[in-house]
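Visitor: I am new to this structure. Could you walk me through how to read it?

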Amino acid sequence: MTAILEHTNLTVSDPKATAAWLTQVFGWTIRWEGPAISGGYTVHIGSGDSYLALYRPVDAPTPFDQTSSYAAVGGLNHVGLVVDDLDATEARVRKAGFEPVNHADYEPGHRFYFRDTDGIEFEVVSYP
């Protein structure tokens, strides 16, 4: 049996705001939202098969130093997403106020990266 990734849980500064731009850029829907562990708040957003759990603790979360994530055990380096239309997705990323960087063509696909307002890096990939 092969395992399937169901979700990833990320701490963000504002789950509702993050969910709003994820809806606009990737067409995802909110699957659930409400009170979470230790008095925090969570929004689950994604597709029918997988989602991101966007968590905010009661107190303002401490920013994570993403610049050193590749050197830290347990660091979140980026969230990779596959899309059908890379150009259309890039346009929506720009419209949401984010700057796509590191465009590359590689075997077998094409990609770019961007960071959101919390500094979380997203890799967007399209395969022909």
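Guide: Let's start inside. This is a predicted model. Its largest nonpolar core has 23 residues. Trp21, Leu22, Phe26, Leu52, Phe114 and Phe122 touch the most other members.

Visitor: Which elements give two or more residues to this core?

Guide: Two helices are on the list: H1 (15–26) and H2 (86–95). The strands are S3 (41–46), S4 (51–56), S5 (79–82), S7 (109–115) and S8 (121–126). H1 gives the largest share, five residues.

Visitor: What is the general idea behind a core?

Guide: In soluble globular proteins, nonpolar side chains tend to be buried together. For a case here, take Phe122. Leaving out residues up to four places away in sequence, Phe122 touches Trp21, Leu22, Leu52, His78, Val79, Leu81, Phe112, Tyr113, Phe114 and Asp116.

Visitor: How many helices and strands does the protein chain have?

Guide: Two helices and eight strands. Read from the N terminus, their order is β-α-β-β-β-β-α-β-β-β.

Visitor: What share of the residues counts as buried?

Guide: 36% of the 128 residues. The accessible surface comes to about 7,800 Å². Carbon and sulfur atoms hold 54% of that surface.

Visitor: How far apart are the mean positions of the positive and negative charges?

Guide: They are 5 Å apart, for 8 positive and 17 negative charges.

Visitor: Is Val125 buried or exposed?

Guide: Buried. Its relative accessible area is 5%, and buried means under 20%. Val125 sits in strand S8. Beyond four places in sequence, Val125 touches Leu81, Val82, Val83, Leu86, Tyr106, His110 and Arg111.

Visitor: And is Glu90 buried or exposed?

Guide: Glu90 is also buried, at 13% relative accessible area. Its place is in helix H2. With neighbours within four places set aside, Glu90 is in contact with Pro100, His103 and Phe112.

Visitor: How should I read backbone angles?

Guide: Start with the general rule. Most residues other than glycine have a negative phi, and most peptide bonds are trans. Now look for exceptions. The bond from Glu107 to Pro108 is cis, with omega near 15 degrees. Pro108 lies in the loop between strand S6 (101–106) and S7.

Visitor: Where is Ser38, and what is its phi?

Guide: Ser38 is in the loop between strand S2 (29–35) and S3. Its phi is near 55 degrees, a positive value. Ser38 counts as exposed, at 65% relative accessibility.

Visitor: In which element is Asn102 found?

Guide: In strand S6. Asn102 has a positive phi, near 50 degrees. At 52% relative accessibility, Asn102 counts as exposed, since the cut-off for exposed is over 50%.

Notes:
Residues are numbered from 1 along each chain as its sequence is written. This is a predicted model: local features need pLDDT of at least 70, side-chain atom pairs count only at pLDDT 80 or more; totals for chains, interfaces and linings use all residues. Side-chain values use heavy atoms; hydrogens and water are left out. A nonpolar core is a set of buried Ala, Val, Leu, Ile, Met, Phe, Trp, Tyr and Cys residues joined through side-chain atoms within 4.5 Å. Buried means under 20% relative accessible area, exposed over 50%, partly exposed in between (1.4 Å probe, protein chains only). Helices (H or I, at least four residues) and strands (E, at least two) are DSSP runs, numbered from the N terminus. Contact means heavy atoms within 4.5 Å. Accessible areas come from the Shrake-Rupley method with a 1.4 Å probe; for residues, only the protein chains shown count as cover. Lys and Arg count as positive and Asp and Glu as negative; His and the chain ends are not counted. The place of a charge is taken as NZ of Lys, CZ of Arg, CG of Asp or CD of Glu.
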